[in-house]
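Subject: Structure handover, with notes on ligands and pockets

Hello,

The structure is below, followed by notes on what was found in it. Please look it over when you have time.

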Amino acid sequence: MKIQNLLVTGGCGFIGSNFIHYIFRQPDFEGRIINIDALTYAGNPFNVATVKDAYGERYHFRRIDICDFPSLESVFADFEIDAVCHFAAESHVDRSIKRPDAFVNTNIIGTFNLLECARSKGEEFLLFHHISTDEVYGSLGPDGAFTEETPYRPNSPYSASKASSDHLVRSYNRTFGLPTTLSNCSNNYGPYQFPEKLIPLMILNALEYQSLPVYGDGKNVRDWLYVEDHCEAILTIMKQGRRGETYNVGGATELENIAIVENICDLVDEYAGRRAGKAARRHLITYVADRPGHDRRYAIDFSKLTTELDWIPRETFSSGLRKTVSWYLEHRNWVADVRTKDYQRWIEQQYGRMP
Ligand code: NAD
Ligand code: DAU
């Protein structure tokens with residue numbers, strides 16, 4: 001498979017931007033990347049600011065909402081898109097509880113629009129890779145792990161919208177023969193993650209001696225994967241994965257939330273030092289009301305990906321978390337930018353208003 005014009009959606013978000021940096025570093029990737037992103041609060045053009053200078057005409061960016069079908073059609077035609085790697089989504093569970101509508105629009109309608117554009121390309125279209133989540137499988141008890149055969153039981157509007165998009169992707173493969181692959185991944189962490197998610201939020205709050213809100217009893221379990229390992233898994237699946245198949249991706253690192261927060265407190269104490277008169281940052285931990293419908297435990301069996309495609313995660317949690325804490329401490333300007341209220345105004349000046 002020789003992809004020439006790869007459409008990356010959501011390439012200014014956390015995983016999408018890491019993926020663009022990652023794929024351009026691969027010597028065997030010779031194609032163009034066309035990054036489309038609506039630049040919501042979570043999309044940051046600075047995440048890929050160096051790419052245009054480094055790769056010139058091999059990189060293009062368009063500010064487009066995937067719910068805007070005519071604009072999508074134009075991009076598919078103008079850039080002769082022959083493959084899609086689809087990251088764009090509303091991704092935060094807490095926001096889906098407060099405002100589910102954007103999740104239904106972007107995650108379901110947006111994915112449908114992309115599938116329709118891909119289908120219209122006919123035989124020349126090579127691959128639609130859909131990025132999804134382990135949350136579609138619901139919640140586990142103390143034992144067991146999600147496999148690709150686990151029935152879907154989403155519990156939040158976010159995971160329900162992702163489940164819906166997964167089903168659409170599957171149906172376009174079965175009904176129309178669209179070449180698809182699908183990956184369901186566990187919790188990612190690393191550089192460029194918007195500081196609403198557990199790990200960057202706790203790093204920055206700890207740094208600034210603000211309270212560290214742990215939901216419920218702090219014993220909910222997630223499986224953690226360093227973002228670059230996820231990028232490698234995605235590219236491996238795109239290259240070698242069987243069309244029409246789903247692959248689970250995970251980090252083999254199950255941890256209770258409280259253990260992660262304590263670990264972060266100790267690392268921030270170590271790297272940033274303690275302010276005079278301040279106690280260890282673990283004292284900032286505050287138990288708060290639980291998230292409604294909070295899934296208790298996720299664990300992911302990714303043996304299919306290991307057996308069929310020889311992929312395993314490379315980064316340990318201990319080294320990955322150290323890298324991540326260092327990155328946030330060294331990128332205070334990035335943090336200040338994504339937190340400022342002027343930021344959306346700046347985006348509009350640079351890229352114009354969305355229709
Ligand atoms: P993110 O929130 O950091 O980035 C999402 C990106 O999509 C942003 O750049 C945003 O501007 C863009 N976007 C949102 N709505 C759009 C629209 N209507 N049109 C065009 N662009 C739009 O998300 P992320 O954490 O990078 O997640 C990327 C994908 O990976 C999502 O599909 C998510 O469901 C999936 N995923 C995430 C994780 C995780 O731990 N973060 C784990 C498994 C799967
Ligand atoms: O499992 C994959 C999913 O991981 C992705 O599909 C989602 O896009 C991504 O956001 C993530 O979902 P989670 O809900 O697991 O991530 P979050 O960082 O929001 O929360 C991780 C855990 O930490 C969860 O059990 C809730 C808890 N938490 C979170 C926040 C933000 C807290 O205790 N306090 C907090 O302030």
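The biggest contributor to the lining of the second largest pocket is helix 6, which gives 6 residues. Helices (H or I, at least four residues) and strands (E, at least two) are DSSP runs, numbered from the N terminus.

The conventions are as follows. This is a predicted model, in which local features need pLDDT of at least 70 and side-chain atom pairs count only at pLDDT 80 or more, while totals for chains, interfaces and linings use all residues. Residues are numbered from 1 along each chain as its sequence is written, chains are lettered from A and ligands numbered from 1 in the order in which they are written, and side-chain values use heavy atoms, with hydrogens and water left out.

Second largest pocket

This pocket holds about 330 Å³ of space. Its lining comprises 18 residues, with Glu148, Arg170, Arg174, Gly244 and Thr246 closest to the centre. At least two lining residues each come from helix 6, strand 6 (180-185) and strand 10 (245-249). By class the lining has 4 nonpolar, 7 polar and 7 charged residues. (Ala, Val, Leu, Ile, Met, Phe, Trp, Tyr, Cys and Pro count as nonpolar, Asp, Glu, Lys and Arg as charged, and the others, Gly among them, as polar.) The search runs on a 1 Å grid over the protein atoms alone: a pocket is an open set of points with protein on both sides within 12 Å along at least five of seven lines, a cavity is a set where a 1.4 Å probe fits but cannot get out, and lining residues have an atom within 4 Å of a point. Grid points are joined across faces, edges and corners, and a volume is the space filled by probe spheres set on the points.

Cavities

The whole structure has 3 cavities of 30 Å³ or more. The largest has a volume of about 50 Å³, and its lining includes Glu135, Arg222, Arg291 and His294. That lining divides into 3 nonpolar, 5 polar and 4 charged residues.

Ligand 1

Ligand 1 is surrounded by 28 residues, of which Ile15, Asp37, Ser91, Tyr158 and Lys162 are the closest (a residue counts if one of its heavy atoms lies within 4 Å). The shell has 14 nonpolar, 11 polar and 3 charged residues.

Ligand 2

Around ligand 2 there are 24 residues, and Thr133, Asp134, Tyr158, Arg291 and His294 come nearest. An N or O atom in the side chain of aspartate 134 is 2.6 Å from an oxygen atom of the ligand. A backbone N or O atom of proline 213 lies 2.8 Å from a nitrogen atom of ligand 2. Taken alone, ligand 2 exposes 680 Å², of which the protein buries 94%.

Salt bridges

There are 24 salt bridges in the whole structure (a side-chain nitrogen of Lys or Arg within 4 Å of a carboxyl oxygen of Asp or Glu). One of them joins glutamate 30 and lysine 2, at 3.5 Å from N to O. The two residues are 28 apart in the chain.

Regards

Conventions. A polar contact is a pair of N or O atoms within 3.5 Å; within protein, one must be able to donate a hydrogen and the other to accept it, and residues adjacent in sequence count only if both atoms are side-chain atoms. Accessible areas come from the Shrake-Rupley method with a 1.4 Å probe; for residues, only the protein chains shown count as cover.
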